[in-house]
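Open the model in your viewer and keep the sequence panel beside it. The stops below say what to select next and what is there.

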Amino acid sequence: MYKILSKKVLNPTVTQMDIEAPLVAKKAQAGQFIILRVDDAGERIPLTVAGFDREKGSVRIIFQIVGATTFKLNQKQEGDYIADFVGPLGKATETTGLKRVCVVGGGVGCAIALPVAQKLHEQGCQVDSIIGFRNKDLVILEDEFKSASKSLKIMTDDGSYGQKGLVTEPLKNALENGAEYDEIFAIGPLVMMKFVVATAKPFGVKTTVSMNPVMIDGTGMCGGCRLTVGGETKFACVDGPDFDGYLVDFDEAMSRGATYRDFERHAYEKTCNLFKKEVE
Ligand SMILES: Cc1cc2nc3c(=O)[nH]c(=O)nc-3n(C[C@H](O)[C@H](O)[C@H](O)COP(=O)(O)OP(=O)(O)OC[C@H]3O[C@@H](n4cnc5c(N)ncnc54)[C@H](O)[C@@H]3O)c2cc1C
Ligand code: FES
């Protein structure tokens, strides 16, 4: 059992938790993820390591409440326990030798982008960050990004905070104005990553994306997380989650991502109803 050391609501649909997991904390690196089960009957879900404290033995997760399992996890409080917390899994983000990068995060993808920005900042790399949200109420991790970045641009779809527009707009401006990035890291919805890659391509800047297909075992056994990258089949859990954005088949990933939508909606409705009955 793994204890929830702290719980913080970051916005109405995004929660941060620190979990006591010393063995995971000891080895975790930016870009890796864990797989958890809320209880013995629960499904396994992957979440990125959003931070860790090796001395305290804690690992931070930040999750958006999108369905049955994240809903159940969000019902847990500080001091409660979750059944399983396995990791770190996947490859760490490769940051060696980078001098100037742009980190682009979208929505809850910012929770995955932040440790990458922090790691690069700590190793002396100049980090320009661009983070985007649908509106002001959904903005998360602004102060944390500020501390890890030389410059930070916040974009909202409706202009209610920061600048109105998409994350690709300031990125395109920076590239047109001659920003010399060694690499761009894009982490967020598939469609956002697809268009960040399309923006970067004419300038020839290497662009790394973090892929989040449905995962089951997280160890390369089930094939659930397969993607086509450069015409070859890759498993996001062991070959990634980071991939060269120029080579990823985003259209296929988007179509596979929608496969279980009806089943997931049904599970979410069932879990919410069960919870409501328990409360009544
Ligand atoms: C490597 C990786 C890292 C991730 N990191 C984060 C993170 O830091 N924060 C965060 O909020 N989300 C993250 N996700 C997505 C997260 O795993 C899903 O939101 C979660 O599994 C949803 O479960 P649910 O039962 O609440 O929702 P469901 O209703 O079951 O699903 C909602 C959506 O979540 C995705 N999803 C569902 N089950 C899985 C699964 N087993 N594996 C992957 N995706 C699934 C699908 O896109 C689905 O349409 C990550 C996914 C991967 C693969
Ligand atoms: S999650 Fe099963 S192969 Fe990747």
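**The two domains**

Begin by colouring the protein chain by its domain assignment, which gives domain 1 (2–89) and domain 2 (100–257); such bounds come from an automatic or database domain assignment. The model is a predicted one, in which local features need pLDDT of at least 70 and side-chain atom pairs count only at pLDDT 80 or more, while totals for chains, interfaces and linings use all residues. Residues are numbered from 1 along each chain as its sequence is written, and chains are lettered from A and ligands numbered from 1 in the order in which they are written.

The C-alpha centres of domain 1 and domain 2 are 21 Å apart. Where they meet, 17 residues of domain 1 are in contact with 16 residues of domain 2 (two residues are in contact if their C-beta atoms, placed from the backbone, lie within 7 Å). On the domain 1 side, at least two residues each come from strand 1 (2–11), strand 3 (33–37), strand 4 (45–48) and strand 6 (58–64). By class, that side of domain 1 has eleven nonpolar, five polar and one charged residues. Here Ala, Val, Leu, Ile, Met, Phe, Trp, Tyr, Cys and Pro count as nonpolar, Asp, Glu, Lys and Arg as charged, and the others, Gly among them, as polar.

**The whole chain**

Helices (H or I, at least four residues) and strands (E, at least two) are DSSP runs, numbered from the N terminus. Along the principal axes, the C-alpha atoms fill a box of roughly 60 × 40 × 40 Å.

Of the 280 residues, 41% count as buried. A residue is buried if 20 or more other C-beta atoms lie within 10 Å of its own, exposed if 12 or fewer, and partly exposed in between, with C-beta atoms placed from the backbone.

Select the open sheet of five strands whose order is 5-6-2-1-7, with antiparallel pairing. Strand 5 (51–53) and strand 7 (81–82) stand at its edges with a single partner strand each, so one side of each has no neighbour in the sheet. Strands count as paired if DSSP finds at least two bridges between them. Strand 5 and strand 6 run antiparallel and are joined by three bridges; D53 has S58 of strand 6 as its bridge partner.

Next, pick strand 3, which pairs with strand 4 in the antiparallel sense over four bridges. Look for F33 opposite T48 of strand 4. Strand 3 is also joined to strand 8 (residues 84–89), again antiparallel, by four bridges, and I35 has V86 of strand 8 as its bridge partner.

Stay on strand 8, where P88 lies. The peptide bond between G87 and P88 is cis, with omega about -5°.

Move to strand 9 (residues 100–106), which pairs with strand 10 in the parallel sense over seven bridges. V103 stands opposite S129 in strand 10. Seven of the eight residues of strand 10 (residues 126–133) are buried, so this strand is largely enclosed by the rest of the structure.

Select helix 3 (residues 109–122) next. After helix 3 comes G124, with a positive phi near 90°.

In the loop between strand 10 and helix 4 (142–148), find L141. Its phi is positive, near 65°, in a residue other than glycine. Most residues other than glycine have a negative phi, and most peptide bonds are trans. L141 is buried, with 23 other C-beta atoms within 10 Å.

F203 is in the loop between helix 6 (190–200) and strand 14 (207–210). With 17 C-beta neighbours inside 10 Å, F203 counts as partly exposed.

Finish at P241, in the loop between helix 7 (236–239) and strand 17 (242–244). The peptide bond from G240 to P241 is cis, with omega near 15°.
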